[in-house]
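Visitor: I am new to this structure. Please show me how to read a few of its features.

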Amino acid sequence: MKVKTKSKKVNRAWLNDHVNDPYVKLATREGYRARAAYKLKEIDETLGLIKPGQLVVDLGSTPGAWSQYLRRRLSPGGAAIGALNGTIIALDILPMAPIEGVVFLPGDFREPEVLQKLEHEMQGRKADVVVSDMAPNLSGIESADAARISHLVELAVEFGQHHLKPEGALVAKVFHGSGYGPLTRLFKGTFKVVKPIKPKASRDKSSETFLVGIGLRRSGPQA
Ligand SMILES: C[S@@+](CC[C@H](N)C(=O)[O-])C[C@H]1O[C@@H](n2cnc3c(N)ncnc32)[C@H](O)[C@@H]1O
């Protein structure tokens, strides 16, 4: 069928791009589960966000490359196993294979009881950094997709308002399109400093980009 042939071609082109992608090769060599690790690495290296001793929350963590990166950053020698100076709490709707030292909570971040589980795991502490790479499954209906994407980012910002330290930071994946302007305004109303970053590892043809908010304008209730 015509459609099938076309999609086979697209799949082949994607596979070709994927296999030849330098970040895919690097991820394999360095033991990361996904090339996405290099997006967070570049953001972190640009802004110096992740430091030993921190509490970091990873929203939309599966398959786990960001958690692996965080884990290495919080370990004294940058090791993937062994001593860990800090706490990483990861959360995703999908299961995630264990990463030594990372606490994983399964669940939908939109559900109040999942948020409660996360709050329970934080034991009254505030996070130094919240990272969100959450992205919903897209339906192809632009307005509906934009609303679902925005909703997840809004929830991450709300979470940050209540659970970040006053000088804490939120990294969130957003997409250029109708929701981008309002989300940037939300970030600017919430954080003292807002930086948009498109890391090199984020494919040029993807409308994905990241907003980083640093330092809450009004701190939420103290723990
Ligand atoms: C691009 S992937 C994250 C990749 C991850 N940062 C890594 O480095 O491996 C996006 C993730 O967001 C998760 N996600 C989407 N909606 C979610 C929700 N409502 N609650 C929790 N996780 C969600 C998806 O299940 C998916 O695993």
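Visitor: At what angle do the axes of helix α3 and helix α4 cross?

Guide: Two packed helices are described by the angle between their axes and the distance between the axes. Here the axes of α3 (residues 37–47) and α4 (residues 65–73) cross at roughly 45° and come within 8 Å. Axes are lines fitted to C-alpha atoms, for helices over the stretch in contact, with angles from 0 to 180 degrees between N-to-C directions. Helices (H or I, at least four residues) and strands (E, at least two) are DSSP runs, numbered from the N terminus.

This is a predicted model: local features need pLDDT of at least 70, side-chain atom pairs count only at pLDDT 80 or more, and totals for chains, interfaces and linings use all residues. Residues are numbered from 1 along each chain as its sequence is written.

Visitor: Which residues of α3 and α4 make the contact?

Guide: On α3 they are Ala37, Leu40, Lys41 and Asp44; on α4 they are Ala65, Trp66, Gln68, Tyr69 and Arg73. Contact means that C-beta atoms, placed from the backbone, lie within 7 Å.

Visitor: How do strands β4 and β5 run, and how many bridges join them?

Guide: Strands pair if DSSP finds at least two bridges between them. β4 (residues 127–132) and β5 (residues 164–175) run parallel, joined by five bridges. Alanine 127 has leucine 164 of β5 as its bridge partner.

Visitor: How many bridges join β5 to β7?

Guide: Seven, and β5 and β7 (residues 208–216) run antiparallel. Valine 174 is partnered by threonine 209 in β7.

How values were computed
Two residues are in contact if their C-beta atoms, placed from the backbone, lie within 7 Å.
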